Structures are given as structure tokens and as C-alpha cells.
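Visitor: I would like a tour of this model, please. Could you take me through it step by step?

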Amino acid sequence: MQQIRVRGARTHNLKNLSLDLPRERLIVVTGLSGSGKSSLTFDTLYAEGQRRYVESLSAYARQFLSTMDKPDVDSIEGLSPAIAIEQKASSHNPRSTVGTVTEIYDYLRLLYARAGTPRCPDHGIDLAAQTVSQMVDQALRLPEGLAAALLAPVVSERKGEQLELLEDLAAQGFVRVRIDGRIHEMEALPQLDGKKKHTIEAVVDRIRIRPDAAQRLAESFETALRLSGGLARLAFLEGEPREELVFSSRHACPVCGYSVPPLEPKLFSFNNPTGACPSCDGLGVQEFFDPQRVVLHPHLSLAGGAVRGWDRRNDHYFNLIQSLSKHYGFDIETPWTELPEQVRDVLLHGSGAEAIEFSYREEAGRRSRKRHAFEGILPNLTRRYRETESPMVREELARYLGVRPCPECQGTRLNRAARFVFVAGRTLPELTALTVGRALEFLGQMNLAGWRGEVAAKIVKGMLERLRFLSDVGLDYLTLDRSAETLSGGESQRIRLASQVGSGLTGVMYILDEPSIGLHQRDNRRLLATLKQLRDLGNTVIVVEHDEEAIREADHVVDLGPGAGAHGGHLVAQGTPRDIAANPASITGQYLAGRRRIAVPGLRIRPDPGRQIRIVGARGNNLAQLTTQIPLGLFTCVTGVSGSGKSTLIVDTLFGHTAARLNGARVEAAPCERIEGLEQIDRVIDIDQSPIGRTPRSNPATYTGLFAPLRELFAAVPEARARGYDSGRFSFNVKGGRCEACQGDGVIRVEMHFLPDVYVPCDVCGGKRYNRETLEIRYRGKNIHEVLDMTVEDAARFFQNVPAAAGKLQTLTDVGLSYVRLGQNATTLSGGEAQRVKLSRELAKRATGKTLYILDEPTTGLHFHDVEQLLHVLHRLRDEGNTVVVIEHNLDVIKTADWVIDLGPEGGEGGGEIVATGTPEDVAASDASWTGKYLRPLLAPERRSAVSA
């Protein structure tokens, strides 16, 4: 069958949808946000494909999976095995890295185990085990006639007179020994000083190097190796000085005896005790009590509360501080920052061996005196954290914990033996610290000699393929040791996409959720080429996408709509991109054809030189001592290719320092010299794409604060008052009104063992979250479950006369979420939807006109029409006097900005610099800017003045 035939799909808001999709084609499914794209692709096509796969398993396996429901669809024919590559963060496991997720690290472990050369960490000597034949061959390559002595080291740097050892050597027939570098006859040995360290080597043979001496050399080497336990040394007796040759029959350093076990892949795994750093267990980081967190108020004195718990309010610890002040002569009323550095060091780390007289208050008011060392504030916290059995105490102390690279392995995660194995002059940590692009270059040029080269060639071939796939999807700026936790949804999705291309499967249906997220226009073509490569292998590639270039490059486009939520779920148009553009009913087609467009502002607001935030010397991650200005009261876009440093500059640096200064937040900020102009704003809000909650109980109503007025409305109903119900009765987070079988979740989690967990509706309440008595209370004919099941659009009409609810519902509508249900599980919201829920909550707050809003790619998951709506909201925030800073790749957003900061020129090591700043027209005029190159065509037909009063 050459088509996938869907008949009567009714999942979520799909309206009995029937359509035919061509197989082995690149299909883009588009439409307004909430029009039913994910319902068709993930909840119908993928869910049915997964269900059919499960049904093909054995009865034993199916017993764990029997709760999977069939999607609400009449029939699907021509369905292939389905693989979904979603936009969710790939891993919350601190042990996962880019290398492990892509399996490149497995190849690297094999490469270092089979072709690596261990080296002594202290002396830099290669630990290569040699056979006796190899030793003889190496000796015979020396100049003929050279006089040499073959030595067997028996004692190295050891104190004592060594009389027994020397007598034993004489008894074995040795007539000469070398002691501390000088050869002595056994009859004339010097008296050794027992208090000094000595090195003793038995002289096994004295020989002149000749081709016919091979047999004699072999026997002498065997004797030397047997006597010393695997070491031999060849010293030269005449001629000009030469460096002595050291031979070893085992992987051990001839100088210090350092040895490594046989090289195996597990030695290079930080997830295995054999290879993991013993200090941090392979995590690369350690928790420690951070002085900056412990000294919470450095501008205060010790008595006034510079260190919480060590001030006047705690009698015991305050007595210790007073005793210390007498001993070291400092004033406890002096601000912490003005105390001498030595005093601060003693207070934090302890007095060491120095005993101090402390005065203690005992029962009945008596005082006693004791002399002992001072433990130190940080060691005290560490000991209490380790010894306490109270969860409350641990939780309180954990607030002062920070994270730093492990001091033993410097964050490399591996033990000492694994860190000193070399391939082509690099250790494994050095290689994984390279970006994908640099690793590709290094491995491509690597040329090992001999048998190592033959072994490495096969391993490197598999690695190069995977690295090329990562590069092709625009991820060449990622380092292989980067933690998978720090990857964005778009990055983790493209990593999985690269892995799938590398697997070489055919006849599969791939379903992707907006793979272009977080990708600059420059890298879009490489991504599309990868999708076409998947298609050309004989697969059907279905992509949910809003990107204009992706829609134009598709073989087949499906446009759903015409509206969102209840107004969506219909097939508006399908066919080639040209067919969609020609269809007047399709909103997507109107934008493709240019009949509708997001207009360039006629006037741009000129920045005020007196009102700006200035970031000076930002150097986090790849930022190169960057200095830039962000104008206040304007809509600023920060642009640049993926990995150029946008998030580091705006989120890690600007937000980190501003939140610490204005909100007192404890966030790890990226380093910079200073940030000027923060006194001109009173709040900073970072609206990111992290989930609004991780449990089914979190939903838009609870997050936006809408749920509280709704519960109060129900509690005020006469029937509720008659029964004595308060607003808590209508909460599913506390006992009373909720269904106790599912504890108010409405769903029960079923562990799937070898597949992801599945949530199924609760049998008792049928997914309604509440017990029967609570559901009997109705407000204007609807119970609390029916209200939570309303879309934002329906609820806005229903509660239009309730001011406390109407305002919040209006802001949800303004940000394009009219189709979302009030009680929709937070776990089912996409990153873009979660971000817009957060934005609506901020919009509902009373504006001060001096707020700094930071948004990271707010157009994620938005159709052209929804982007236009969002821009109205962002411009409204700006018009109220606030400052809006947006990290964005969407050209429609960039062209409407007042000010643009373009970073680059490349990603990773090649980024971190300012390429262009100014109005969009200024950036478009810059030849060095990739953003400017793609922005130019959008501004050209609507060239206009870029100034305003």
C-alpha cells in the first residue's frame, strides 16, 4: 500500500477526520496552535503504531501493557512501525552526556581500551609491556661495539643498610652491584647509611653490543626480569653520556613502579566502579558548603547576622564567636567584608592545630572554660549535615550547599589510571572536551602507526559517521562531555534524530515535533537535508512544523484548522506547498502566498542613551570578555546561530546577576566584571520553557492563580454552605473533597518496566479527581470538574461577570491559549505552551512599568497567526514602559524589534562575540552577520524609516 489511510479520527478535538498520507515522503503537518496537529500525529498515528507493536509481543510482556487504550479512530491502514522523536528534554540523569546519549562515548571507550597507551602520571613514561625478544631487538639497534651493563633494580629509594639483600645477591653469584649510580665489586662494598634512601641494582651482565650477542642478551634479560619482578635497565659504560634505557615486561613505570590493570572498555566508563573517580563516583562534581551562600549578608557584622545561626540569637555559637574575637582581637560588630582575611579564613575553615580558650555557659548560669581548636563554620556545617538524622535539619542545611568540579578528577569523572591513557597524544577527557566539529576534525586526521592504526581505523569509522550526523543537524558546537541535563528540548530532539539516521532503518514512520526549534535559519537547510536523507532511506517522515522553509520543502503538507481547540480539528487543505498557498481557506496558505504578513513597524523607538543596562566583561562559557548595552523601555531581540552564547549572556549572566541583586535569588550566575544600570528596574522575570509542574495535579488554573477564586465561588453556593463546605473542599491537593483512590490526580500511573510509564484514568472517579459528594455542588449548572474541563475560551464567556476570574482568563486568551483546558495536566503541555502560561501569569500582575522581562524563544510551537498575537502582547508590555528581551530565531519577531544584538559569528568556540547591534535594518546591512543575511529579504520590500521621536 502506497498510502496511510486514516478514517474517522476523533482523538481530542479532531472532528471525525479522514485523510490519506503518501508513504515514503516528507510530510509537514501545520496549522494554528491547538488545531489538532499533535492529536493527529502523536495521539493517533504514533499511539496506534505503538499499540500494534505491543500486541505483537508475548503474553508475558503484554501483561504489563494491557492498559493502553486504542486511539479514538475508526481505522488506520498502511501503518508502519512508528518512532516518535519528541521535544522533551532527553534526560534528568546527571551521568548522561552528549557522548553517552549518542553512543559516541562507547566507541571512544573501545578505542582507548584497544589502541591506548598508558602513561605514568608522575614521570610521563609510556607503560608499554615488552617481550624479551623486543628488548633484545631494541638493544641490538644501538651502535655496534658499545659497552653496556644490564642492571636489575632490586631496591628503589629505600632507607636501611640493606646487608641481608647484598649478602643474598652475593650468594646468588652476582659479583657487582650498582649503588646510588656507582658500580661496586661485591668484595669492596661501601658502608651504607641506614638513615638515607638508597637505590640498589644488581649487575646481571657487562656486554659489548654485537649482532652475535642476541642469545646472551636474551638470557641476561630473563635473569634481570626474574630478579627485579619485570624491570631491566641498560646503562652505558663508556663514550659520550647517553640516557639509560629502561625495559619493562609489565604495564608499570620503571621509576616508581606505577602500574595499570589490562586496558578494558569498563576502565573508561564513569558509570562503572572500575573507571569512575572514587572521590565523586563518576559525577564530576561535588557538593560543598559554599562560603558565598553561608555568609548570606556580608555587609552585616557577625553579631548582626552575617552568618545565619551564628549571631546573637544562638547562644552557643555566639559564645564561640565572642571567644574567637578575644583571641584574635577583632570586633564582632565589624561588618564581615571589613574583617581581616586571616580572621575570615579561621572563622570559615577553623584554627587548625592552634588551641583557643572558649567560655561555655552551663546549667545554673555557671561558666566553664576549655582550650581546644576551633572547628570552623564550614566543617561544622559539613559534620552536622553528615551526622543528622532529621530531614528538616538536612533540608535547612542543604540551602547552603553549592556544586563545584571534583578536586580530584577536575570534573573529568574518571579515575587516575583512565585519565593517563593516550591515543594520538590526547587523553579521553581531553578528547571529550572537544566540540563535535573539533572532534570530527581530530579523528578524521588521526593516523596511528602499526597494529594500533589497524584496530583504530574500524572504531573511528563508526564514530565519524555519528559525529557527521550531529554536525548535519546543526549541533557541531556541543562538546561531547556536556551534560544531557543542560540540553534544550530542540537540541535533545536533534540528537535523537541524528541517532536515528545513524541506525539506517527503513520502512519506518518517523514522527517529529518541531525539530527546527532553537535552530538558526543558517542551520535549517542542514536539518532539512537530514530529514530528506531519512526519507530517502525508504521511511515516512511526518513533521509537526511551523517553519516556513520546512513547509516549502515538504513533499506533502497537511493544514489543520481553521481555528484552535473546539474550532479546530478539521482538514483545511492538503497537497503540495503550492496547493496550500493557492487555497484561500488556509491561513497558512495566506502567509505562504504573502496575502497576509506580519508587518514591519512603521516607526521604531530610538534608544535613550541615559536609560540602558550595560553588561561589562561577560565571560561565561564561550563569551569572550563581552561588553554590550541593552536599552531600557524597548523590545530587544538577541540573535545568533545556535551555540553562539545567547542564553549564556541573557539568562546565565543578565538574569542571574539581576535576580540575585533585585530579588535576592540564589542562582548560579555566569561570571562578568559588572552590570551597570540595574537601579533603573525594580523586577526581573525569566519566562522560560521549563514545565509549570511535573505532576498531573499541576495545571494552568492552579499555576495562574485562577483556581483560588473558582473554589471560593463554589464554596459560596447555598448548597455548599448548607453542607459546611469551605473552599478547601474543592481542592484536589488536600483530603476531603478529592478522590482518594487517585489522590486527586484523576489518573493512575502504571509502571511499564521496559517502556515509558503510562497514565490511565482512575477507575473510581473516572478521571474527575473529586468524590461524588463534591461533584453534587453546582455553580450555574456546572460542577467543579466540568468547569476545569472547559477551554479558556468557554470559561471566559462563562465567568465574564466574575472580575477575579475574567482578567486571568483574558490574559490566557491574549497569549494564544484559548484552546487549552483549565484543568489540563501540566505534563501534557509543550514547552512553548508552558512558557505562554507563565507569560499570562505575569501579564495578570499589576504592572510597575520598570520590569525586565526575559523570554527564551517564545514562538516555540506557534503558527504565523499566533506569532502575530504574541507580538501584540510583547509590544503591549513594552508600551507600558517595561523592557522586553527575547532570545529568538524567528525572523518575523526579529524584524519587529526595536533593537537587535547579534552574537556569533559561529557556535561554540567560534562564537561569544558581538557581530552586530542596532535596529533590524542596521543588522541586515552587516555583511558579517548570518542573521542579517536572512533578515535582508524580509525588510527589502518594506524599506522604511527606522527612527521615531
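Visitor: In what order do the six strands of the mixed open sheet stand?

Guide: Happy to start there, with a predicted model in which local features need pLDDT of at least 70, side-chain atom pairs count only at pLDDT 80 or more, and totals for chains, interfaces and linings use all residues. Residues are numbered from 1 along each chain as its sequence is written, and side-chain values use heavy atoms, with hydrogens and water left out. Strands (E, at least two residues) and helices (H or I, at least four) are DSSP runs numbered from the N terminus, and two strands pair if DSSP finds at least two bridges between them. With mixed pairing, the open sheet has the order β5-β19-β20-β3-β21-β22.

Visitor: Which strands stand at the edges of this sheet, each with a single partner strand?

Guide: A single partner leaves one side of a strand without a neighbour in the sheet, so we look for the strands where that holds. They are β5 (82-85) and β22 (570-575).

Visitor: By how many degrees are neighbouring strands of this sheet turned against each other on average?

Guide: Axes here are lines fitted to C-alpha atoms, for helices over the stretch in contact, and angles run from 0 to 180 degrees between N-to-C directions. For the strands of this sheet direction is ignored, and the average turn is 20°.

Visitor: How many of the residues of β20 are buried?

Guide: Buried means under 20% relative accessible area, exposed over 50%, and partly exposed in between (1.4 Å probe, protein chains only). Thr540, Ile542 and Val544 cover one side of β20 and Val541 and Val543 the other, and all are buried. β20 is therefore largely enclosed by the rest of the structure, with a buried count of five of the five.

Visitor: What is the bridge partner of Ile511 in β20?

Guide: β20 pairs in the parallel sense with β3 over four bridges, and Leu26 stands opposite Val541. With β19, the pairing is also parallel, over five bridges. There, the partner of Ile511 is Ile542.

Visitor: Which strands are at the edges of the antiparallel sheet?

Guide: This open sheet has six strands in the order β9-β8-β10-β7-β11-β12, and its twist averages 35° from one strand to the next. Strand β8 (residues 176-179) is joined to β9 by four antiparallel bridges. The strands that pair on one side only are β9 (182-185) and β12 (245-248).

Visitor: At which residue does helix α22 bend?

Guide: The bend at a residue is the angle between axes fitted to the seven residues ending there and the seven starting there. Helix α22 (residues 646-663) has buried residues including Leu654, Phe655 and Gly656. Its bend of about 30° is at Phe655.

Visitor: How far away is the nearest cysteine sulfur to Cys409?

Guide: A disulfide is a pair of cysteine sulfur atoms within 2.5 Å, and by this rule the count is zero. Cys409 is buried, with a relative accessible area of 1%. The nearest cysteine sulfur to Cys409 belongs to Cys406, at 3.7 Å.

Visitor: Is Asn447 buried or exposed?

Guide: Asn447 sits in the loop between α15 (436-445) and α16. Because its relative accessibility is 73%, Asn447 counts as exposed.
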